[in-house]
Amino acid sequence: MENDLLLNIKDLRVNFDVFGGTLKVLDGVNFTVSSGEKVGLVGETGCGKTTTMKAVLRVLPMPPARITGGEILFKGRDILQMTSRELGQVRGEGMAMVFQDPTAALNPVFTIGEQMDAAVKYSAAGDKRLSGKEIRKRAVEALKEVALPDPERLLKNYPFQLSGGMRQRVCIAMAVAGDRELIIADEPGTSLDVSIQDQILRLLRGLTDKLNTSIVLITHTLGVVRELADRVYVMYAGNMVEVAPTKELFSRALHPYTVGLMAAVPKLTGGGIANGIPGRIPDYLNPPVGCRFHPRCDQAMEVCRLEKPRFYRVSEDHDVACFLHAGEETGR
Amino acid sequence: MTIDLLTVTDLKKHFIIGQKGILDREPIRVKAVDGISFAVREGETFGLVGESGSGKSTVAYTVVGMYQPTEGDIAFRGQSMYGRGRKRRSDLRKEIQIVFQDPGSSLNPRRTIKDIVGFPLRLYGSNEDLQTRILELLQMVELPADYMHKYPQMLGGGEKQMVAIARALATNPSFMILDEPTSALDVSIQAKIINLLLRLQREFRLSYLFITHDLSLMRNVASRVAIMYLGRICEIADAAEFFRNPYHPYTQMLLSSIPVVSDEEEQLKPKKITSRGEIPSPVNVPSGCSFHPRCPRSKDICSREDPALVEVEPGHTVSCHQSSQG
Amino acid sequence: MVSAKALVSAQRREDLQRSWYKFSRNRLSIVGLSTVLLVTFLAVFAPLVAPYPEHASAFVDFANASRSPCPTYPFGTDVVGRDIMSRIFFGFRFSLVMGVVVLSLVVPPGVILGLVAGYYQGTWLDTVIMRTTDIFLAVPPLVLALAICSVLTPNLFNAMIAVSLMWWPWYCRLVYGLASTLRSEFFVVSAELLGASKFHILFREILANCVSPIFTKISLDMGWVILIGASLSFVGLGAQPPTPDLGTMVADGSKYLPDQWWIAVFPALAIVLVVLGFNLLGDGLRDMLGAEEV
């Protein structure tokens with residue numbers, strides 16, 4: 001079963017060495033993505049979601065970051081142990097990242113065509129020694145997939161000639177152009193308007209369904225994962241605190257942090273907003289002992305201050321890292 | 001009787017960003033705001049919603065005095081904000097304050113919180129009891145006293161916004177403009193800031209012009225809402241009515257595409273209207289009704305004539321040739 | 001309860017510690033700092049630490065002329081018998097004075113003009129200031145310095161004037177770029193909306209945010225100014241003999257290469273040391289004062 005997983009992050013631990021000591025950011029992160037699955041990763045600023053994804057892509061700045069434990073298995077092989085050559089292959093063939101800010105992700109001095117060519121060349125498709133024509137063809141196909149009008153002409157344009165929404169589509173096209181199996185999308189559409197973001201999200205869903213690509217959707221907006229993801233992880237202070245199929249999470253959130261988050265989202269039904277979650281995210285220099293959320297939790301028990309909860313499986317595919325629900329654990 | 005604190009009449013703000021042609025030298029005009037009117041009552045929160053290019057921030061900046069209107073007038077407590085020579089009245093500096101969108105750049109990174117909050121106090125008051133009054137302001141926004149000696153970089157995004165709010169309150173304003181105050185913040189911090197703002201409003205009987213692109217947020221904050229597109233207002237109504245009964249296709253389109261977190265909210269959304277195409281830039285405003293190229297109900301008249309604001313229900317006006325209940 | 005005063009001083013201490021941490025992460029910055037401190041020490045206390053302080057002025061001892069480096073004269077002596085090492089220590093004085101004086105003359109006007117031009121970007125004020133800057137920058141720097149020096153009597157003081165005149169535009173340009181960007185930051189707008197005086201906006205809001213690049217540049221410039229000064233002396237337009245200016249010493253010594261190499265080489269190495277020290281210090285300052293990390 002485990003071998004079917006496309007991406008399997010096991011007990012990942014990452015520290016950062018800074019002035020004043022060591023930030024113990026990721027404290028045993030567990031995260032899985034199956035083939036063709038759409039997984040959401042929800043967490044607020046500073047929870048470590050970007051660090052996790054950077055670790056997967058191995059683009060963490062190595063000083064000051066240090067990976068102190070765990071494995072990241074991509075198709076069964078540990079990325080952390082790979083040589084840079086093997087890594088280049090994995091990155092090119094297996095994974096692609098769509099960044100938050102499409103303007104920053106595209107090089108302003110190269111045309112779209114040149115950048116698409118590079119995306120195809122360094123990918124799985126590129127391994128087969130495609131001719132320039134072939135590469136061009138694939139680029140045009142990818143642009144068509146993302147519903148960009150007049151792709152042949154677009155190839156000659158520079159990024160500044162495109163709108164934000166179009167640039168984001170180009171980034172997605174670059175990600176799918178190379179037949180990659182996993183796309184990591186970091187806050188796609190956040191910097192865009194709601195109507196355009198809606199288009200982008202539906203595009204992503206359609207694409208991943210059609211091409212059977214897996215996608216990890218990182219965001220701090222709950223509403224976005226509800227539309228797009230099959231399964232959602234909730235992350236807090238360097239740990240995954242809850243994971244469940246989307247429907248289940250939104251109807252039966254269990255972890256106090258998830259519950260607090262859901263309550264804090266403004267609802268279209270009106271009635272005011274609940275008062276958020278008291279306190280601040282922990283200081284990673286001296287993170288709380290035991291459950292990292294306990295200082296802000298109004299249901300914290302004695303054990304929460306001493307021990308760190310593991311994932312307890314409370315129902316089909318629904319895990320919660322919380323002692324409150326440890327008793328509900330169904331057969332493993 | 002609640003009075004109209006702020007009255008905007010037919011406001012236009014155009015920017016000239018260059019020149020077309022070599023011989024004719026026709027100026028290229030960006031019609032950021034192109035004729036809008038609305039009023040904010042005392043103690044109320046008036047919401048301005050729109051996407052990029054809608055002109056909502058330009059409205060904010062003009063009301064607060066960063067820009068001079070190209071045409072039209074803005075009146076405060078019944079009196080025009082502009083005196084002789086179109087110069088803005090200086091007493092308004094105290095009365096009308098603004099909280100900007102990006103907390104990172106609205107506080108000087110080289111000054112302490114004490115200096116930042118104390119500066120308006122010093123400008124408009126005496127130097128006596130400065131320390132006490134700064135502490136009072138910090139208390140009002142629920143920030144601990146020892147934050148006085150910190151620098152903005154040591155604060156989180158939400159805390160920076162709280163400092164910005166404290167600074168705005170320092171001159172005892174009656175009207176505050178909140179330009180996307182929580183867009184850059186996480187949802188749990190947003191909740192804290194919004195509830196703080198609502199509490200301050202009740203305590204000090206403040207009036208707010210609240211600008212955001214987040215419709216769900218607007219639902220919980222504003223008493224009246226106006227939606228803008230390319231410099232014009234498409235629809236204005238009381239909040240409940242606006243969300244329950246939108247008439248304009250743009251409003252319906254936006255409402256139908258917002259991401260929500262529950263099924264009940266899903267039920268409240270109007271039927272899904274997919275937006276077509278990209279948002280045009282305010283340099284090239286389409287003819288007639290500026291929304292017509294993207295509008296699913298667009299007819300011939302829409303590309304020719306600019307629709308007028310028509311009252312479709314009491315207190316609910318729409319600017320559309322094809323408006324109908326969603 | 002901790003008093004406010006205690007909190008403030010604790011905060012200051014932490015800020016200093018953090019600054020030092022950022023500075024010291026690069027070993028070379030420490031080398032730079034040490035070098036600059038050493039040179040400053042030698043310059044200030046030259047009369048006390050130099051083995052033969054009297055050799056710094058008019059002095060002859062033909063008996064010991066042109067001695068190669070040995071224990072009595074670690075860097076050897078020149079053609080009239082003066083100890084090179086002592087003269088180098090005194091030479092550091094002139095170098096440092098050159099750097100300090102020039103930069104003191106150059107930085108305030110350059111910065112102020114840059115602030116004004118940047119804040120009023122697009123107006124006539126901007127045009128006048130920046131075009132004047134362009135004119136000064138259009139002339140090749142050394143040529144300008146040489147021209148001025150040849151018109152006035154060659155001495156150290158006039159050399160400093162010459163270098164100043166060609167140096168100020170760089171600070172104007174630097175601050176112009178910074179100020180024109182900063183003026184649209186929301187915290188500046190906020191101050192304007194409150195009705196703050198222009199003085200406050202220019203100096204308390206904008207300038208405060210330009211300080212880091214300015215100080216970094218000052219440190220790097222010290223090296224350059226000293227080098228230019230030495231070049232002027234080398235061609236005879238700066239300090240005149242018997243002043244123990246490093247550039248003059250190299251000029252004098254170059255006649256005796258390669259046999260009595262020590263007469264030119266040691267002063268040249270001294271110049272390299274000073275310039276390198278300031279450069280490395282400048283790099284460290286840039287790390288220390290640079291953008292705050294989260």
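How many residues does the contact take from chain C and from chain B? The contact (heavy atoms within 4.5 Å) takes 24 residues from chain C and 28 residues from chain B. This is a predicted model, in which local features need pLDDT of at least 70, side-chain atom pairs count only at pLDDT 80 or more, and totals for chains, interfaces and linings use all residues. Residues are numbered from 1 along each chain as its sequence is written, chains are lettered from A and ligands numbered from 1 in the order in which they are written, and side-chain values use heavy atoms, with hydrogens and water left out.

**View 1. Interface of chain C with chain B.** About 2,100 Å² is buried between the two chains, and carbon and sulfur atoms give 61% of this area; buried area is the accessible area (1.4 Å probe) that two parts lose on being put together, summed over both. On the side of chain C, the residues losing the most area to chain B are C:Phe186, C:Leu193 and C:Leu194, together 35% of what that side buries.

**View 2. Salt bridge between B:Arg111 and C:Glu205.** The closest N and O atoms of this pair are 3.1 Å apart. The rule (a side-chain nitrogen of Lys or Arg within 4 Å of a carboxyl oxygen of Asp or Glu) finds 1 salt bridge across the interface of chain C and chain B.

**View 3. Helices of chain C.** Chain C contains 12 helices and 0 strands, assigned as DSSP runs (helices H or I, at least four residues; strands E, at least two) and numbered from the N terminus. Its C-alpha trace spans about 75 × 55 × 25 Å along the principal axes.
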